[in-house]
Amino acid sequence: MGQGLSFKKCNLRITMNNNNHHTQEISTERLVVRRGQPFTITVSFSAPVHSYLKQLKRTFLIAQTGQNPSKTDGTQIEFPISGLGDQKQWSAALEEQDPCFWTITVKAPANAPIGQYALFLHASKCHRHLGNFTLLFNPWCQDDEVFLGNEAQRQEYILNQEGVIYWGTENAVLAQPWDFSQLEEDILDICFILLDVAEHHQRDKDHTRRKSPVYICRTVAAMINCNELQGILAECESGQCYDGTPPSKWLGSSPILRQWFASRCKPVRYGQCWVFAAVMCTVLRCLGIPTRVVTGFTWAHNTDTSLSVDEYYDEDGTLLTQAQSARVWTFHVWNECWMARADLLPEYSGWQALDATCQEKSKGPSFCGPAPVKAIKDGDTDIDYDVCYFFAAINAKCQVWIQEAEDTFKPALSSTKYTGNNISTKGVGSERCEDITQSYKYPEGSLQEKEVLDKVYRKTKKLHTTSSSSETEFSSIPTALEEPVNLFIQLQSESSQILGQDVPLSIEVFNYSGGEKATHLVVRAQSLQYNGVPVTQLWKEEFDFILKSNEASTLKVFVPCSQYGKELGENHLLRLTATLRDKDSYVHFAQEEISICDPPLTIEFPESMVQYQPSTAKISLLNPLTEPLEKCVVAVTGRGLVYRQRKYRLGSVQPKSTEKLQIPLTPTQTGPRRLTAHLTCLQLQGLKSYKTTDVAAA
């Protein structure tokens with residue numbers, strides 16, 4: 001190299017650097033580092049370097065990213081080897097020098113754009129390519145916007161690849177395993193391809209915007225659901241997924257991301273809200289943004305910020321689809337990302353809600369967020385991004401309408417159905433369910449809740465009176481019905497039931513009036529998708545009885561398994577309704593939702609497991625049905641326990657019998673290790689189970 005420097009090679013010291021930057025699981029063959037934190041390289045020369053200080057003054061490093069890097073747009077940066085500077089500038093320092101090599105420490109600023117970089121050594125007028133590296137966000141760096149101060153949370157929200165996603169109902173929260181796989185090397189490449197594709201569709205060539213976690217979150221959210229861009233997943237809206245993979249069959253994110261990449265970026269069929277959130281969690285954790293998956297129960301979707309949502313039933317209590325898109329979902333899954341909001345007041349930093357599931361909005365893209373969770377709780381609905389939509393979804397109240405003659409509807413007399421219940425996420429360092437509802441809402445009925453709702457209503461009135469306002473308008477909750485409530489009905493059932501068992505119902509009717517009441521009761525069960533769309537009418541019974549003044553009557557009935565077992569729908573949810581009419585034509589209404597749980601698939605480990613020592617796990621399947629489970633196949637996965645996915649054919653499992661399976665294992669990694677089993681057969685498709693064991697070092 002000119003002026004006395006004769007470049008030979010560069011050692012990127014990948015093993016040491018990746019260990020220091022918490023990326024050693026991503027790769028041992030390429031340099032993956034985090035911004036705001038130094039990494040070290042060694043440059044060797046083929047001839048001794050004399051007067052190194054003079055040479056050093058004429059030597060620079062150049063880092064560049066993007067397809068057409070340039071100094072003017074900030075994607076090509078030249079910096080001297082003169083010492084590590086502040087956190088806002090690229091810098092380098094000579095740590096050790098010898099006539100035949102220099103050891104150089106390089107540091108990207110804590111606000112550098114993430115991406116794939118090339119590093120050059122420039123001396124006089126000659127360039128030498130030293131190597132390539134990938135730069136990620138750094139939650140370990142205090143100056144990075146995604147800094148997270150708790151190490152246990154960093155381990156969970158950046159490095160943990162095995163997650164739990166919650167579903168079911170608010171009274172029976174169920175867990176399913178998910179493999180995020182964010183530390184697999186090809187997933188890192190796919191994540192950056194995803195950003196490239198998004199920016200191509202949005203015609204955004206400014207790579208420097210990748211310095212902002214807000215920008216990255218919004219770009220990834222736009223790419224997850226193909227309704228926004230030519231994205232990763234197509235949404236299964238009708239519940240019919242015959243030309244793709246049903247959402248309940250996915251076990252992890254990597255098969256989805258790899259299929260999207262292998263198909264030249266064609267949307268993968270199919271996803272629903274929990275799949276969108278899980279894949280987004282993978283991408284954002286991979287890029288270095290602390291992220292978790294959150295589930296809320298009884299979610300008001302597509303209300304376009306209205307604080308009321310309607311449900312329509314026929315005279316027998318059958319949920320009607322209607323043309324409206326706004327409806328109450330049994331559960332909904334979204335993400336939270338941790339970051340400082342440099343674009344907002346400091347109080348809005350911290351967890352941000354981000355939702356890739358499409359919303360029908362009056363303006364803006366169909367995804368929502370990132371929205372500060374604190375702003376959602378405090379009703380600061382004018383804060384970016386989309387706080388108003390999250391607030392409405394978890395604070396709306398539901399009005400039930402009963403169909404009368406000539407397609408008219410009458411409001412039912414029923415207890416209020418509240419939204420935004422049991423907001424849950426996986427606990428840090430454990431598999432317990434953590435309730436985080438208090439982060440989103442003040443306690444039901446508290447003074448703080450009333451103050452927040454009043455504040456939002458005042459904004460509503462102000463927006464409605466300012467016709468020229470371009471802000472999103474809130475619609476207020478309708479006033480309470482001014483009708484006498486002389487009868488009261490209550491419907492109770494078990495919150496969950498094992499498939500194969502009859503569902504017991506208890507209906508209590510109270511007559512508070514001063515006279516006798518002749519009543520007609522219809523009890524109904526229908527299967528339901530998680531998004532509030534009815535699947536099939538399953539069962540109905542009708543009763544006529546007379547209630548004396550101030551009398552209470554209790555009725556106990558059963559929904560037979562033979563009536564619901566074959567028409568449950570993918571989400572295994574039942575909507576139970578009781579509709580009571582009196583002689584005055586008042587309609588009294590009660591409803592419950594229950595989960596029908598799959599039969600148990602149990603996993604047993606030996607008392608102790610040691611790395612590299614062969615062992616055996618046992619899987620047991622109980623068939624609770626009165627018919628055989630046909631063509632049973634169990635797929636088994638477990639990072640560090642089994643290599644790739646294994647499939648075992650069980651054949652038929654006879655009624656009321658248990659089938660056992662032996663799984664040979666040789667653990668290759670230590671610490672907590674999860675084994676996941678997924679059963680498919682003619683009768684069941686989404687039966688999953690998981691168990692974690694500790695593997696001791698050899």
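This is a predicted model: local features need pLDDT of at least 70, side-chain atom pairs count only at pLDDT 80 or more; totals for chains, interfaces and linings use all residues.

Reader: At what angle do the axes of helix 4 and helix 6 cross?

Author: The axes of helix 4 (residues 185–201) and helix 6 (residues 254–262) come within 10 Å and cross at roughly 55°. An angle between 35 and 65 degrees counts as oblique, and helix 4 and helix 6 are therefore oblique to each other. The crossing of these two helices is left-handed.

Reader: Which residues in helix 4 and helix 6 meet?

Author: From helix 4 come Asp186, Ile187, Ile190, Ile193, Leu194 and Val197, and they meet Ser254, Leu257, Arg258, Trp260 and Phe261 of helix 6. Sorted by class, this contact of helix 4 with helix 6 has eight nonpolar residues, one polar residue and two charged residues.

Reader: Now the sheet: in what order do the five strands lie?

Author: The general idea is that strands of a sheet pair through backbone hydrogen bonds, either parallel or antiparallel. Here five strands form an open sheet in the order 25-31-30-27-28, with mixed pairing. Strand 25 (496–498) and strand 28 (534–547) are the edge strands, each of which pairs on one side only. From one strand to the next, the twist averages 25°.

Reader: How many bridges join strand 27 to strand 28?

Author: Twelve bridges join strand 27 (residues 517–528) to strand 28, and the two run antiparallel.

How values were computed: Residues are numbered from 1 along each chain as its sequence is written. Side-chain values use heavy atoms; hydrogens and water are left out. Axes are lines fitted to C-alpha atoms, for helices over the stretch in contact, and angles run from 0 to 180 degrees between N-to-C directions. Helices (H or I, at least four residues) and strands (E, at least two) are DSSP runs, numbered from the N terminus. Angles under 35 degrees count as roughly parallel, over 145 as roughly antiparallel, 65 to 115 as roughly perpendicular and the rest as oblique. A crossing is left-handed if the near helix is turned anticlockwise from the far one by less than a right angle, and right-handed if clockwise. Contact means heavy atoms within 4.5 Å. Ala, Val, Leu, Ile, Met, Phe, Trp, Tyr, Cys and Pro count as nonpolar, Asp, Glu, Lys and Arg as charged, and the others, Gly among them, as polar. Two strands pair if DSSP finds at least two bridges between them.
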